[in-house]
Amino acid sequence: MIYLRNVSLSFLEKKLFDNINWTIHPKSCIGLVGDNGTGKTTLFRAILEQVHPDSGLIDIPNRKRKTIGYLPQDLVELEPVNLIDFLKKKSGMAALEESIKTLEQQMSQAKQHTPEYNRIAKAYSTEMSHFNARDGYAFEARAKQILKGFGFKETDFNRNCSLFSGGWKMRILLASILLAQPDIMLLDEPTNHLDTESMEWLESYLKEYPGTIIVISHDRFFLDKIVNQIAELASRNIHIYKGNYSHYLNEKERRHAALRKEQELQKAQIKKIEEFVERFRYKATKASQVQSRVKMLEKFEAIELAAKTKAVTMKFPEGKKSAKEVVKVTDLSHSYGSLNVINNFNFTLFRGDKVAFVGVNGSGKSTLSRLLGLSEKPSEGSVQYGNDVNMAFFSQESSENLNYDRMIWEEVNSVASRASDQEKRNLLGAFLFSGDDVYKSVSVLSGGEKSRLALLKLLLLDTNFLILDEPTNHLDLKTKDIFQDALISYHGTVAIVSHDRYFLDRLVNKVFELKDGALNYYNGNYSYFIEKRSELSNVKDEAILAQPDKEQAFKSKEQKRLEAEERNRLAKTKNVWKKELAAVEKKIELLEAQKGENETALCDPQTHKDVNQIKTLNKELKDINFELEQSYDVWTELNSQLEQFEAANEENSSSH
């Protein structure tokens with residue numbers, strides 16, 4: 001249980017909570033929702049005792065015996081240790097194993113049948129019970145299962161945690177929380193750094209979780225799948241709704257309608273009483289009745305409706321009509337060094353298409369967006385635009401193109417747009433820049449604020465083709481809805497990369513799935529894609545089961561010759577992969593040796609006498625670490641490509 005009793009909390013001059021009362025029952029699965037700035041993350045921090053309420057209390061009975069897992073929204077840094085070792089340490093399994101090992105040593109040294117031995121044996125029995133309850137012997141197998149669910153490869157399991165990118169580090173932290181199996185999980189935007197396949201895996205895992213889960217999320221699909229209760233932070237208080245997010249939206253509207261009706265009845269009743277009082281105020285014979293009604297009026301508690309925010313709409317400028325064929329992609333391939341990301345893609349986007357690019361992280365979605373947006377040149381093939389196409393491209397790097405010397409309002413006005421000042425202010429409000437915020441310097445904005453500002457500038461442009469790479473990452477649910485409605489009404493063409501399944505489901509009419517180097521086409525929305533993908537997977541499984549066991553009995557000489565040539569070609573290709581892999585491994589070996597030398601030198605007391613030498617060594621170490629990280633990534637991809645190549649060859653061999 002978690003009890004919140006009369007909890008009030010202010011931050012600077014803003015009151016976030018005002019006498020909140022809330023009881024959270026064990027095994028609840030709750031979605032915590034509310035507008036940005038209402039205090040959702042602060043409430044998590046208050047439960048964790050990282051911040052303390054101005055008044056009231058937050059109580060977790062037997063808190064010291066309860067385990068709480070917390071996933072923050074902000075990116076984290078991890079210890080520079082082996083991935084599996086980190087998970088063991090973070091989940092508490094390493095400490096448990098160390099405790100058992102220590103107790104075993106103590107037992108071997110203590111004399112049997114003594115009070116000391118009995119004490120150690122009892123402690124050992126308790127720790128072993130904890131170890132078995134957490135299925136300690138199967139820890140590594142469970143860790144790998146969870147890591148695979150989050151998209152990690154076998155080759156990642158022994159990598160150093162510090163070498164992963166920010167998004168992958170968040171996945172590692174989330175994996176450590178799941179492995180710890182805490183009594184209470186507080187998850188702040190857990191799907192932010194997951195691709196759709198990883199989200200689906202996490203949903204299935206959390207649905208079966210036996211503990212208490214409270215999750216902050218802007219992902220409607222996610223909330224609909226896992227939660228059985230919604231807690232809305234609004235008007236400085238908590239409002240509870242049974243059911244998932246869709247039920248919450250319907251119930252909230254029903255409650256509002258019922259309250260509005262009750263308010264109208266109350267107003268009519270008050271008006272009737274006031275008319276009676278006014279009519280008979282000065283008649284002595286009615287004095288007692290008038291006085292009675294005056295007292296009735298005093299007892300009325302006015303029914304107040306939550307103030308509805310002004311509806312903000314967003315509309316793209318009506319751009320010039322483009323050619324029917326907006327963009328034609330022919331034999332498109334792209335590589336980074338020896339790493340092939342896109343291989344021989346062919347497709348055409350037509351006027352009015354709204355297309356989603358989907359696939360696991362690393363499948364090439366962002367690369368394809370950059371190639372379409374002409375910010376990168378392909379290694380092979382072409383991207384050809386039709387006549388009168390006016391394109392705009394948004395990516396997470398777009399915020400780097402802002403002018404940091406300007407204020408927000410100046411930056412918005414720097415866009416050549418037909419929007420009026422009021423329309424611009426409405427848009428700024430929708431993107432969470434209200435009041436005097438518009439006079440803030442761009443340089444002081446957070447990463448999320450800069451990203452929203454860059455997206456807002458793009459919306460003011462006169463376009464007919466939008467390429468959007470994760471445009472909703474820093475938008476709350478309300479802003480997302482406004483943005484989505486604007487895109488649905490947009491008459492131009494849209495190509496979008498997004499992990500927000502609800503957003504895609506309402507918007508797109510085509511889905512391009514990037515998988516295993518190929519481009520799979522689905523003519524429908526996201527739900528259609530999921531349905532067809534599932535059907536195709538079942539058909540593939542059935543086809544594998546139906547394959548004949550025996551080879552074709554007789555082969556022609558020509559057929560045998562062709563097969564021999566193909567085997568030689570495959571062997572040569574495999575040797576090329578192996579040589580590249582060996583070269584990268586040699587480079588990693590040299591870099592790791594250099595890193596060790598620099599670290600040893602930095603630990604030498606003589607080095608600390610020379611400030612310049614320390615600076616030089618630190619700079620070299622930073623460059624080595626950067627080059628090592630890139631080399632590890634190349635090695636991982638090369639190894640993965642080689643594994644896929646070998647697996648494909650085995651499949652081909654077994655089918656002949």
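**Figure 1. Ser333 is in contact with Ile342, Asn343, Asn344, Pro378, Ser379 and Glu380, once its neighbours within four places in sequence are left aside.** Contact means heavy atoms within 4.5 Å. This is a predicted model, in which local features need pLDDT of at least 70 and side-chain atom pairs count only at pLDDT 80 or more, while totals for chains, interfaces and linings use all residues. Residues are numbered from 1 along each chain as its sequence is written, and side-chain values use heavy atoms, with hydrogens and water left out. Look for Ser333 in strand β10, residues 325-336. Helices (H or I, at least four residues) and strands (E, at least two) are DSSP runs, numbered from the N terminus. Is Ser333 buried or exposed? Ser333 counts as buried because its relative accessibility is 7%; buried means under 20% relative accessible area, exposed over 50%, and partly exposed in between, with a 1.4 Å probe and protein chains only. Leu371 lies 38 residues from Ser333 along the chain, and their C-alpha atoms are separated by 9.9 Å.

**Figure 2. Strands β11, β10 and β13 form an open sheet in that order, with antiparallel pairing.** Here you can find β10 again, this time with its partners. Two strands pair if DSSP finds at least two bridges between them. The edges of the sheet are β11 (339-350) and β13 (380-385), each of which pairs on one side only. From one strand to the next, the twist averages 15 degrees. How many bridges link β10 and β11? The two strands pair in the antiparallel sense over eight bridges, and Glu325 has Phe350 of β11 as its bridge partner. Helix α11 (residues 365-372) packs on this sheet and touches β10, β11 and β13. The direction of α11 makes about 125 degrees with that of β10; axes are lines fitted to C-alpha atoms, for helices over the stretch in contact, and angles run from 0 to 180 degrees between N-to-C directions.

**Figure 3. Strand β12 is largely enclosed by the rest of the structure, since five of its five residues are buried.** Which way do the side chains point? Lys354, Ala356 and Val358 point one way from β12, Val355 and Phe357 point the other way, and all are buried. Four bridges join β12 to strand β17 (residues 510-515), and these two run parallel. Within that pairing, Val358 stands opposite Glu513 of β17. Another four bridges join β12 (residues 354-358) to β16, again in parallel. Val355 is the bridge partner of Ala495 in β16, and Phe357 is the bridge partner of Val497.

**Figure 4. Strand β16 (residues 493-497) is mostly covered, with five of its five residues buried.** Which residues lie on each side of β16? Thr493, Ala495 and Val497 are on one side and Val494 and Ile496 on the other, and both faces are covered. Strand β15 (residues 465-469) is joined to β16 by five bridges, and the pair runs parallel. Leu468 stands opposite Ile496 in β16. The chain goes from β15 through α15 to β16 in a right-handed β-α-β crossover. A crossover is right-handed if, with the strands pointing away from the viewer, the path from the first strand over the helix to the second runs clockwise.

**Figure 5. Helix α13 (residues 421-430) has Lys424, Leu427, Leu428 and Ala430 as its buried residues.** Seen down the axis of α13, these residues fall within an arc of 160 degrees, so they line one face of the helix; the arc is that of the directions from the helix axis to the C-beta atoms. Here is a handy rule: an α-helix has 3.6 residues a turn, so residues three or four places apart point the same way. What do the buried residues of α13 pack against? Their partners are α12 (408-413), α14 (447-459) and α15 (477-489). After α13 comes Leu432, which has a positive phi near 70 degrees.

**Figure 6. Lys27 and His113 are found in loops.** Most residues other than glycine have a negative phi. Lys27, though not a glycine, has a positive phi of about 65 degrees. Where is Lys27? Lys27 is in the loop between β2 (14-24) and β3 (29-33), and counts as exposed because its relative accessibility is 62%. His113 also has a positive phi, near 65 degrees. The loop that holds His113 lies between α3 (93-109) and α4 (115-133), and His113 counts as exposed at 73% relative accessibility.
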